[in-house]
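I opened a new page for this one and jotted down what I looked up.

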Amino acid sequence: MNKASTTSKPGFQVKQLALTGLMSAVICILAPISFQIPVSPVPISLGFLGIYFVVSVAGMKIGTISVVIYILLGLAGLPVFTGFTGGPGKLFGPTGGYIVGYLFMALICGYFIDRWGNRILLTFAGMLIGTCVCYLFGTVWLAFQSSYTFPEALAAGVLPYIPFDLVKLVLAATLGRELRTRLKKADLL
């Protein structure tokens with residue numbers, strides 16, 4: 001047996017599993033916190049903040065797996081979706097498109113962070129693109145579920161939230177980038 005085969009690292013190490021669990025927990029803690037606004041069936045939630053933070057810290061692979069775990073936990077009925085709800089009804093309800101969009105948001109944001117994490121403008125651009133893709137999924141599903149036209153769904157489910165989501169993006173990217181740097185220095189990432 002050669003020495004290289006006995007010292008090779010497995011595809012997913014214990015520290016990566018632990019980080020994935022921790023990042024899933026971050027999303028599960030932040031996403032249910034929400035505030036209903038009278039002009040929309042879509043609440044203001046900290047879900048985007050959770051996704052932004054997780055991918056800023058952990059990157060595309062762990063970030064996306066963390067989102068999948070979050071969605072599966074919510075689908076199983078744990079109260080991790082907005083308003084501390086869970087179950088298939090929430091996923092197939094008016095805001096379900098945003099929840100599904102989280103997956104694509106994590107993939108896109110994480111890709112940009114992994115590829116250009118040291119270039120802040122490209123990182124923000126990737127996070128904005130990921131956000132727009134999530135908005136698209138959410139708007140299409142909201143229009144379908146609520147019998148809105150696409151512009152009506154956009155006005156109800158996206159436009160009021162843009163300023164809040166930009167603040168979340170900047171906050172999570174800034175804090176996440178710093179934590180990612182520290183985790184790398186400690187050889188935990």
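**Ground rules.** I am working with a predicted model, where local features need pLDDT of at least 70, side-chain atom pairs count only at pLDDT 80 or more, and totals for chains, interfaces and linings use all residues. I number residues from 1 along each chain as its sequence is written, and side-chain values use heavy atoms, with hydrogens and water left out.

**Core.** I looked up the largest nonpolar core and found 46 residues, with Met23 and Tyr70 having the most contacts inside it. Such a core is a set of buried Ala, Val, Leu, Ile, Met, Phe, Trp, Tyr and Cys residues joined through side-chain atoms within 4.5 Å. Helix 2 (14-30), helix 3, helix 5 (96-116), helix 6 (120-146) and helix 8 (162-185) each give two or more residues to this core. Helix 3 provides the largest share, 13 residues. I take helices (H or I, at least four residues) and strands (E, at least two) as DSSP runs, numbered from the N terminus.

**Met23.** Setting aside residues up to four places away in sequence, I see Met23 touching Val54, Val57, Ala58, Ile62 and Ser66; contact means heavy atoms within 4.5 Å.

**Ser45.** I found Ser45 in strand 2 (residues 44-45). Ser45 counts as buried because its relative accessibility is 9%; buried means under 20% relative accessible area, exposed over 50%, partly exposed in between (1.4 Å probe, protein chains only). Beyond its neighbours within four places in sequence, Ser45 is in contact with Ala31, Ile33, Ser34, Thr82, Tyr102 and Lys168.

**Leu75.** I placed Leu75 in helix 3 (residues 47-75). Its relative accessibility is 32%, so Leu75 counts as partly exposed.
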